[in-house]
Amino acid sequence: MTEVTLTEACPAETTAAVLPQFEQSLEQPSTREVEFGDRFDPNLLEEGERPYGWAQTGDNTWEGAMLSDGDQKIGIATLTVQSDALISVLGEVELAPMLNPAEDPDFTAMFPPGCSAQMTFQINHDG
């Protein structure tokens, strides 16, 4: 992750509490080998237990679910192949559904509708 911001709908106290947690992930690169074969498939980039389920939306773009709750997407990502050496991913995650505010009334004020985290990721190809 190279950049993270919270939308204007997030109260100042939310930004002060949450943004530093996201920023801890900034510029922490990792390396791994991925073989695509004959055709680029962004689903091969996924690690862990949260598949994005990338679907191609244009010549060099794909859309996927960063997070979902059943059939409801609470985070959307757009992946763009910029060049043979660079892929960018822009994502936005709605914070309230991710944190389940129904269990804590204080969350309702801290995470109003529209309060989202917007993230930029870069994937570089070396070789």
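Is W54 buried or exposed, and what is its relative accessibility? At 11% relative accessibility, W54 counts as buried, where buried means under 20% relative accessible area, exposed means over 50%, and partly exposed is in between (1.4 Å probe, protein chains only).

Before we go on, a word on the model and its conventions. This is a predicted model, in which local features need pLDDT of at least 70 and side-chain atom pairs count only at pLDDT 80 or more, while totals for chains, interfaces and linings use all residues. Residues are numbered from 1 along each chain as its sequence is written, and side-chain values use heavy atoms, with hydrogens and water left out.

Let us turn to the aromatic rings. Rings of Phe, Tyr and Trp (its six-membered ring) pair if their centres lie within 6.5 Å; planes under 30 degrees apart count as stacked, over 60 as edge-to-face and the rest as tilted. By this rule there are 2 aromatic pairs. One of them joins F40 and W62 edge-to-face, with 5.0 Å centre to centre and 70° between the planes. This pair links distant parts of the chain, 22 residues apart: F40 is in the loop between α1 and β2 (55-56), and W62 is in strand β3 (residues 61-69). Helices (H or I, at least four residues) and strands (E, at least two) are DSSP runs, numbered from the N terminus. F40 counts as partly exposed because its relative accessibility is 23%, whereas W62, at 8%, counts as buried. Y52 and W54 have ring centres 4.8 Å apart and planes at 25°, so that pair is stacked. Y52 is partly exposed, at 23% relative accessibility.

Next, have a look at T14, which sits in helix α1 (residues 12-23). Its relative accessibility is 0%, so T14 counts as buried. Not counting residues up to four places away in sequence, T14 touches L6, L19, M110, F111 and C115, contact meaning heavy atoms within 4.5 Å.

Leaving aside neighbours within four places in sequence, T7 is in contact with E92, G114, C115, S116 and Q118. T7 counts as buried because its relative accessibility is 15%.

Our last stop is S25, in the loop between α1 and β2. With a relative accessible area of 33%, S25 is partly exposed. S25 and V4 are 21 residues apart in sequence and, C-alpha to C-alpha, 9.4 Å apart in space.
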